[in-house]
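Colleague: I have a chain open and would like to go through it with you. Can we start with burial and then work outwards?

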Amino acid sequence: MEHQFDLDTFSKILTDKGYDGYFHTEGCCAGKLKDSISEFLEAWDNGKEAPLLANHLHLSTYLQWNGEDKPKIECNMYVRYENGKFDLQKTEMFIRSLDCYGQLLKQSKLTALTASSIPTVKEAIAQVSDKPKQQLSSQNRRFKM
């Protein structure tokens, strides 16, 4: 199975899985996934930027954002990038649930991904979300005579 993809294919894979929000590539270059990566690669070619980790690009996005004072879920990916190709098998994905103060609530780490094993955004959110608490009925549950 193919694990290396060009920018168009790589961005289509993630967009089809629901990762269609705004990204940061290497902490700069905010924009939609393909635009963010393209902007960073152009800056890298011009010598203005460089990846912090050799042959890897750090991509970050929020999977769930409800405001500054609410809990959030973020996704950070370290994608191997070499010779113009993105290698999913050498990719690490960290999905983190944070409280409104930035404290870690729950984290999930995925490695050795394939195009089919990348979770959808809903699946990624479910990995770090707490199960909804069962609602108790407001009815009085006493034994009646």
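Colleague: What share of the chain's residues count as buried?

Modeller: Of the 145 residues, 40% count as buried. Buried means under 20% relative accessible area, exposed over 50%, and partly exposed in between, with a 1.4 Å probe and protein chains only. This is a predicted model, where local features need pLDDT of at least 70 and side-chain atom pairs count only at pLDDT 80 or more, while totals for chains, interfaces and linings use all residues. Residues are numbered from 1 along each chain as its sequence is written, and side-chain values use heavy atoms, with hydrogens and water left out.

Colleague: How many helices and strands?

Modeller: Three helices and seven strands. Helices (H or I, at least four residues) and strands (E, at least two) are DSSP runs, numbered from the N terminus.

Colleague: In what order do the elements run?

Modeller: From the N terminus on, β-α-β-β-α-β-β-β-β-α.

Colleague: Now the largest nonpolar core. Which residues have the most contacts inside it?

Modeller: Phe-10, Tyr-19, Ile-37, Leu-63, Met-93 and Ile-95, in a core of 32 residues. A nonpolar core here is a set of buried Ala, Val, Leu, Ile, Met, Phe, Trp, Tyr and Cys residues joined through side-chain atoms within 4.5 Å.

Colleague: Which elements each supply at least two residues of this core?

Modeller: α1, β3 (28–32), α2, β4 (56–64), β5 (72–82), β6 and α3 (121–128). The largest share, five residues, comes from β5. As background, nonpolar side chains tend to be buried together in soluble globular proteins.

Colleague: Stay with α3. Is Ile-125 buried or exposed?

Modeller: Ile-125 is buried, because its relative accessible area is 15%. Ile-125 sits in helix α3, and its C-alpha atom is 7.0 Å from that of Leu-63, a residue 62 positions away along the chain.

Colleague: And Val-128, buried or exposed?

Modeller: Buried, at 1% relative accessibility. Val-128 is also found in helix α3.

Colleague: Change of topic. How many salt bridges turn up in a search of the whole structure?

Modeller: Five. The criterion is a side-chain nitrogen of Lys or Arg within 4 Å of a carboxyl oxygen of Asp or Glu. In general, side chains of opposite charge can pair when their charged atoms come close.

Colleague: What does Lys-34 form a salt bridge with?

Modeller: With Asp-8, the closest N and O atoms being 2.4 Å apart. The pair links distant parts of the chain, with Lys-34 in helix α2 (residues 33–45) and Asp-8 in helix α1 (residues 7–16), 26 residues apart. Lys-34 is partly exposed at 38% relative accessibility, and Asp-8 is partly exposed at 43%.

Colleague: Where do Asp-16 and Lys-12 lie?

Modeller: Both lie in helix α1, four residues apart, about one turn of the helix. Asp-16 counts as exposed at 56%, and Lys-12 counts as exposed at 52%.

Colleague: Which side chain does Lys-109 meet in a salt bridge?

Modeller: That of Glu-92, at 3.7 Å, N to O. Lys-109 is in strand β7 (residues 104–111) and Glu-92 in strand β6 (residues 85–98), so this pair, 17 residues apart, links distant parts of the chain. Lys-109 is partly exposed at 48%, as is Glu-92 at 29%.

Colleague: Which residues gather in the patch of negative charge on the surface?

Modeller: Asp-35, Glu-39, Glu-42 and Asp-45. Asp-35 lies in helix α2. Patches are made of residues with over 30% relative accessible area and no salt bridge, with like charges joined within 9 Å and nonpolar side chains (Val, Leu, Ile, Met, Phe, Trp, Tyr) within 5 Å. Areas come from the Shrake-Rupley method with a 1.4 Å probe, and for residues only the protein chains shown count as cover. Lys and Arg count as positive and Asp and Glu as negative; His and the chain ends are not counted. The place of a charge is NZ of Lys, CZ of Arg, CG of Asp or CD of Glu.

Colleague: Last topic, backbone angles. What is the phi of Glu-26?

Modeller: Positive, about 55°, although Glu-26 is not a glycine. Most residues other than glycine have a negative phi. Glu-26 is in the loop between β2 (22–25) and β3, and is buried at 13% relative accessible area.

Colleague: And where is Ala-112?

Modeller: In the loop between β7 and α3. Ala-112 has a positive phi of about 50° without being a glycine, and is partly exposed at 48% relative accessibility.
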